[in-house]
Amino acid sequence: MRLVIARCSVDYVGRLKAHLPLATRLLLVKADGSVLVHSDGGSYKPLNWMSPPAVLRISSPDEVELEVGVTEQWTVQSAKTDDRLIINIHEHLHDTSHDLGLDPGLIKDGVEADLQRLLAEQIETLGSGFSLIRREYFTAIGPVDILARDANGATVAIELKRRGDIDGVEQLTRYLELLNRDPLLAPVRGIFAAQQIKPQAKVLANDRGIDCVTLDYDAMRGVDDSESRLF
């Protein structure tokens with residue numbers, strides 16, 4: 001990755017046109033071909049950028065550009081369209097390159113896969129007498145997160161989300177409609193389980209006869225003693 005801090009102006013030319021007047025900015029040139037223009041504000045979002053695949057060409061300015069103080073011109077050409085990012089550099093303040101190596105990617109804590117594994121191992125969290133049939137129960141429209149039986153032997157389909165909203169309830173509804181056509185499983189009821197469930201999702205779930213369960217992820221992992229809490 002190349003990091004350049006420079007006084008520059010930036011023009012995007014193509015399907016859209018945009019202009020950034022002369023100012024001090026951070027230019028990121030990544031190994032994947034992307035080029036991003038950042039200011040010292042606006043959080044993580046760049047002011048302008050060119051996504052990969054793209055080719056960066058650095059050239060000397062013409063006479064007109066030299067007269068207004070341009071010392072170097074970057075042209076970032078998209079490989080898929082005619083779009084170009086043109087960066088006119090007036091002054092280099094910093095220029096370094098670093099080999100970041102292969103990135104292992106983001107490892108999230110408490111994602112749905114972890115919740116699914118923990119709930120399958122602790123299925124009686126949903127009620128005494130519950131037993132696991134299987135995780136990722138395949139259907140024609142996708143896998144049900146967990147299929148289980150309750151204390152009465154009835155089939156229960158469990159949809160897991162980290163944050164439960166209306167879309168998750170709709171998804172479980174579709175699974176239930178399909179599962180209840182199978183005479184070996186019917187009747188099948190649903191449980192919508194999540195760390196947080198939005199009020200609108202609870203209303204919709206209750207209207208459709210789906211139970212809602214809020215999961216305590218820390219307690220399930222054994223890193224939080226919920227019984228000793230004051231609140």
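Analyst: **The open sheet and its core**

C212 counts as partly exposed, because its relative accessibility is 27%. Buried means under 20% relative accessible area, exposed over 50%, and partly exposed in between, using a 1.4 Å probe and protein chains only. The model is predicted: local features need pLDDT of at least 70, side-chain atom pairs count only at pLDDT 80 or more, and totals for chains, interfaces and linings use all residues. Residues are numbered from 1 along each chain as its sequence is written, and side-chain values use heavy atoms, without hydrogens or water.

Now the sheet. Five strands form an open sheet, in the order β8-β9-β10-β11-β12, with mixed pairing. Strands (E, at least two residues) and helices (H or I, at least four) are DSSP runs, numbered from the N terminus. Two strands pair if DSSP finds at least two bridges between them. β8 (131-137) and β12 (211-214) each have a single partner strand, so one side of each lacks a neighbour in the sheet. Further in, β10 and β11 pair in the parallel sense over nine bridges. G164 stands opposite I197 in β11.

Next, the core. The largest nonpolar core holds 18 residues; L119, L126, I146, I158, L160 and L215 touch the most other members. Such a core is a set of buried Ala, Val, Leu, Ile, Met, Phe, Trp, Tyr and Cys residues joined through side-chain atoms within 4.5 Å. α2 gives the most, with four residues. Beyond its neighbours within four places in sequence, L126 is in contact (heavy atoms within 4.5 Å) with L119, I158, I191 and V213.
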